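I opened my notebook to keep track of what I looked up, one topic at a time. Come along and check each entry against the picture.

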Amino acid sequence: MADFIINTDGNVYVPAEDSYMLADNLQIREGQSVLEIGTGSGIVAMYASRLTDRITVTDINLDACLLAEKNFSENSIEGIEVLFGNLFEPVKNRKFDVILFNTPYLPTEEDEVLDDTINYAFDGGLNGRKVIDLFLDEVGNHLNDGGIVQLIQSSLSGNDETLSRLDELGFIAEIAQSEHFFFEDITLINAYKI
């Protein structure tokens, strides 16, 4: 795949190994509708734009929305809908074929919370699941039958817990890829709605 121009911003998550794990393993067919939660710099959506032209992205960080728009523009990618807001709030009654989310998965103690918008990118609460669980509570309402959810998280935030929760919600879920970094495994979980 072609390299993209990636502008960065100190208030927005800079693409790292987890971003590229998701970007390199997208399960998107031509013409499918895609929602990416927490787009950050927009890198995953840019890779997705090579596969479909029906992409919506959201981010709770307004700086991320603005940066993603800038990156889409500088890479001559048109038609990606950028919406500001938390998780599924900006797409209330809409459904998609594919939902992507590189979750904020780091277990974060109160004294580790940053008083800045970049905090949204990594702060998973005390057990790393604060945002993951909110996402899982709602994701089924926004996914078309036969759709897929692809999410990135860390072994520190309980892969088995996510898999069993997805199972309870009627998904067939699996760890599609895992890479070991320092003190954790970064994992890509694919979950299919049947």
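**Entry 1: the enclosed strand**

I started with strand β4 and found that seven of its seven residues are buried, so β4 is largely enclosed by the rest of the structure. By "buried" I mean under 20% relative accessible area, while exposed is over 50% and partly exposed lies in between (1.4 Å probe, protein chains only). Helices (H or I, at least four residues) and strands (E, at least two) are DSSP runs, numbered from the N terminus.

A note to myself on where this comes from: the model is predicted, so local features need pLDDT of at least 70 and side-chain atom pairs count only at pLDDT 80 or more, whereas totals for chains, interfaces and linings use all residues. Residues are numbered from 1 along each chain as its sequence is written, and side-chain values use heavy atoms, with hydrogens and water left out.

**Entry 2: partners of β4**

Next I looked up the strand pairing (two strands pair if DSSP finds at least two bridges between them). Strand β1 (residues 33-37) is joined to β4 by four bridges, and the two run parallel. β4 and β5 also run parallel, with six bridges between them. Ile 99 is the bridge partner of Leu 35, and in β5 the bridge partner of Ile 99 is Val 149.

**Entry 3: the nonpolar core**

Which residues touch the most other members of the largest nonpolar core? I found Phe 72, Phe 88, Ile 99 and Phe 135, in a core of 51 residues. Helix α2 (residues 43-48) gives the most to this core, with six residues. Here a nonpolar core is a set of buried Ala, Val, Leu, Ile, Met, Phe, Trp, Tyr and Cys residues joined through side-chain atoms within 4.5 Å.

I picked Phe 135 and listed its contacts (heavy atoms within 4.5 Å). Leaving aside neighbours within four places in sequence, Phe 135 is in contact with Ile 37, Leu 87, Phe 88, Ile 99, Phe 101, Val 149 and Leu 151.

Which residues of helix α6 (residues 159-168) are buried? I noted Asn 159, Thr 162, Leu 163 and Leu 166. These residues cover an arc of only 100° around the axis, which puts them on the same side of α6. The arc is that of the directions from the helix axis to the C-beta atoms.

The face of α6 turned away from the buried side carries the exposed residues Asp 160 and Glu 168. Among the elements covering the buried residues of α6 are α5 (130-139), β5 (143-154), β6 (171-181) and β7 (184-193). Just after α6, Gly 170 takes a positive phi of about 90°.

**Entry 4: salt bridges**

How many salt bridges does the structure hold? I wrote down five. A salt bridge is a side-chain nitrogen of Lys or Arg within 4 Å of a carboxyl oxygen of Asp or Glu. I looked at some of them one by one.

- Arg 129 and Asp 133 meet through their side chains at 2.9 Å, N to O. Arg 129 is buried at 1% relative accessible area, while Asp 133 is partly exposed at 24%.
- Arg 165 and Asp 137 meet at 2.3 Å, N to O. Arg 165 lies in helix α6 and Asp 137 in helix α5, so this pair ties together parts that are 28 residues apart in sequence. Arg 165 is partly exposed at 22%, and Asp 137 is partly exposed at 46%.
- Lys 193 and Asp 145 meet at 3.9 Å, N to O. Lys 193 in strand β7 and Asp 145 in strand β5 are 48 residues apart, so the pair links distant parts of the chain. Lys 193 is buried at 16%, but Asp 145 is exposed at 67%.

I also noted a network: salt bridges that share partners join Arg 129, Asp 133 and Glu 161.

**Entry 5: two positive phi values**

Ser 76 has a phi of about 55° and lies in the loop between α3 (62-74) and β3 (81-84). For Leu 87, phi is near 45°, and its loop runs between β3 and β4 (96-102).

Are these two residues buried or exposed? Ser 76 is exposed at 64% relative accessibility, whereas Leu 87 is buried at 7%.
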